[in-house]
Amino acid sequence: MNKKDFEDYQKIGLRISSLNDRIEKLEEMAAQYEYGAVKGSNPDFPYQPMSFHVSGYNIREDEKKRNRIQNLKIQLEKEIQKEETKRLEIEEFINSIEDRTDNLIFTYYYLDKMSQEEIARKLHVDRSRVSRRISKYFGEK
């Protein structure tokens, strides 16, 4: 488990909400209606040329939209599965930290998304101490 895993963990939720927003926007889009004129002839004698006005919704565009929605839903499911796997790994890592202060720091910072300043105030320590305690688990100085 490295620092990038933890940083990615915080961003996975953003990807999921972005995909959800895109799906909602596509689903809210109304079917696209098109209007036009075609030429034909009078069905009865004397078969004169005529113009007819036609309208209807564009089936091809609607099919493309439905395919995009389906693909986004598949991506969303994959992201949710990745998030659950990553969440479990990170929570197991945090739970394995025996030092209570370090455990709280990781919980507040990565799971509760608190800033280092907020954590420092809550634990009555200096912000740099919070940063150092996080860094020591990733082999940083």
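Helices α3 (residues 100–111) and α5 (residues 127–136) pack at an angle of about 95 degrees, and their axes lie 10 Å apart. Since angles of 65 to 115 degrees count as roughly perpendicular, that makes α3 roughly perpendicular to α5. Keep in mind as you look at this pair that the model is predicted.

Which residues of α3 meet α5? On the α3 side they are Thr101, Asp102, Ile105, Phe106, Tyr109 and Tyr110, and their partners in α5 are Val130, Arg133, Ile134 and Lys136. Sorted by class, this contact between α3 and α5 has 6 nonpolar, 1 polar and 3 charged residues.

Stepping back to the whole chain, you will find 5 helices and 2 strands, arranged along the sequence in the pattern α-β-β-α-α-α-α.

How does the overall form look? The C-alpha trace spans about 95 × 25 × 20 Å along its principal axes. The radius of gyration is 29 Å, whereas a compact globule of 141 residues would have one near 14 Å. Of those 141 residues, 26% count as buried. Among contacts between residues at least 6 apart in sequence, 56% join residues at least 24 apart.

As for confidence, the protein averages a pLDDT of 88, and 99% of the residues score at least 70.

| Element | Residues | Mean pLDDT |
|---|---|---|
| Helix α1 (lowest) | residues 3–28 | 85 |
| Helix α4 (highest) | residues 116–123 | 95 |

Methods:
Residues numbered from 1 in each chain as written. Predicted model: local features only at pLDDT ≥ 70, side-chain atom pairs only at ≥ 80, totals over all residues. Heavy atoms only, no water. Axes fitted to C-alpha atoms, helices over the stretch in contact; angles between N-to-C directions. Helix = DSSP H or I, 4+ residues; strand = E, 2+ residues; numbered from the N terminus. Parallel < 35°, antiparallel > 145°, perpendicular 65-115°, else oblique. Contact = heavy atoms within 4.5 Å. Nonpolar A, V, L, I, M, F, W, Y, C, P; charged D, E, K, R; others polar. pLDDT = per-residue confidence, 0-100. Rg over C-alpha atoms; globule rule 2.2 N^0.38 Å. Buried < 20%, exposed > 50% of the residue type's maximum accessible area, 1.4 Å probe, protein only.
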